[in-house]
Amino acid sequence: MNREELAMVGFEIVAYSGDARSTLLELLKQVRSGNFNNVETLLADADENLNLAHKAQTEILAQEAQGQSMDMGFIFIHGQDHLMTTILLRDLIADMVELYKRK
């Protein structure tokens, strides 16, 4: 896979994880105001985008594990960073939802 193709996968990962991040922050905003009606729907939406980003990442990892040479650029690495921080955000917000429910 050449650098440009890998960059496109990086953009894909950024886009999916960015959509998930936006959804998660909207969920937190609603929960803070006491609205718990859309929690499951918004979590499912975020999870769908995270799964799509993770799938794109895993395809690259599998290719590299099979011995394909990868010319990593900053965009792909940025995508990896974006995905991992959004996964962490998802875990933290899920815990925060539970705390707000108990409040």
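Helix axes are taken as lines fitted to C-alpha atoms over the stretch in contact, and the angle between two axes runs from 0 to 180 degrees between N-to-C directions. On this basis, the axes of α2 and α3 come within 11 Å and cross at roughly 150°. That angle makes α2 roughly antiparallel to α3, the term being applied to angles over 145 degrees, whereas angles under 35 degrees count as roughly parallel. The crossing of α2 and α3 is left-handed, a label used if the near helix is turned anticlockwise from the far one by less than a right angle.

The structure is a predicted model, in which local features need pLDDT of at least 70 and side-chain atom pairs count only at pLDDT 80 or more, while totals for chains, interfaces and linings use all residues. Residues are numbered from 1 along each chain as its sequence is written, and side-chain values use heavy atoms, with hydrogens and water left out.

The chain contains three helices and zero strands, and its elements follow the pattern α-α-α along the sequence. Helices are DSSP runs (H or I) of at least four residues, and strands (E) are runs of at least two, numbered from the N terminus. The C-alpha trace spans about 50 × 20 × 15 Å along its principal axes. Of the 103 residues, 34% count as buried, that is, with under 20% relative accessible area as computed with a 1.4 Å probe on protein chains only; residues over 50% are exposed, and those in between are partly exposed.

Helix α1 comprises residues 3–32 and helix α2 residues 39–65; their axes come within 9 Å and cross at roughly 165°. The two helices are therefore roughly antiparallel to each other, and their crossing is left-handed. The residues of this contact divide into 17 nonpolar, five polar and three charged. In this classification Ala, Val, Leu, Ile, Met, Phe, Trp, Tyr, Cys and Pro are nonpolar, Asp, Glu, Lys and Arg are charged, and the others, Gly among them, are polar.

Helix α1 also packs against helix α3 (residues 74–102), at an angle of about 20° and with the axes 8 Å apart. This makes α1 roughly parallel to α3. The crossing of α1 and α3 is likewise left-handed, and the contact residues divide into 21 nonpolar, eight polar and four charged.

The 30 residues of α1 should span 44 Å at 1.5 Å a residue, and its end C-alpha atoms are 42 Å apart, which agrees; the expected span is 1.5 Å times one less than the number of residues. At the start of α1, a side-chain oxygen of Asn-2 lies within 3.0 Å of the backbone nitrogen of Glu-4. Just after α1, Gly-34 adopts a positive phi of about 90°.

Ser-33 lies in the loop between α1 and α2 and counts as exposed, at 61% relative accessibility. The side chain of Ser-33 reaches the backbone oxygen of Gln-30 at 2.8 Å. The C-alpha atoms of Ser-33 and Val-9, 24 residues apart along the chain, are separated by 37 Å. Ala-53, in contrast, is placed in helix α2 and counts as buried because its relative accessibility is 0%.

Terms used:
Parallel < 35°, antiparallel > 145°, perpendicular 65-115°, else oblique. Polar contact = N/O pair within 3.5 Å; in protein donor to acceptor, adjacent residues only side chain to side chain.
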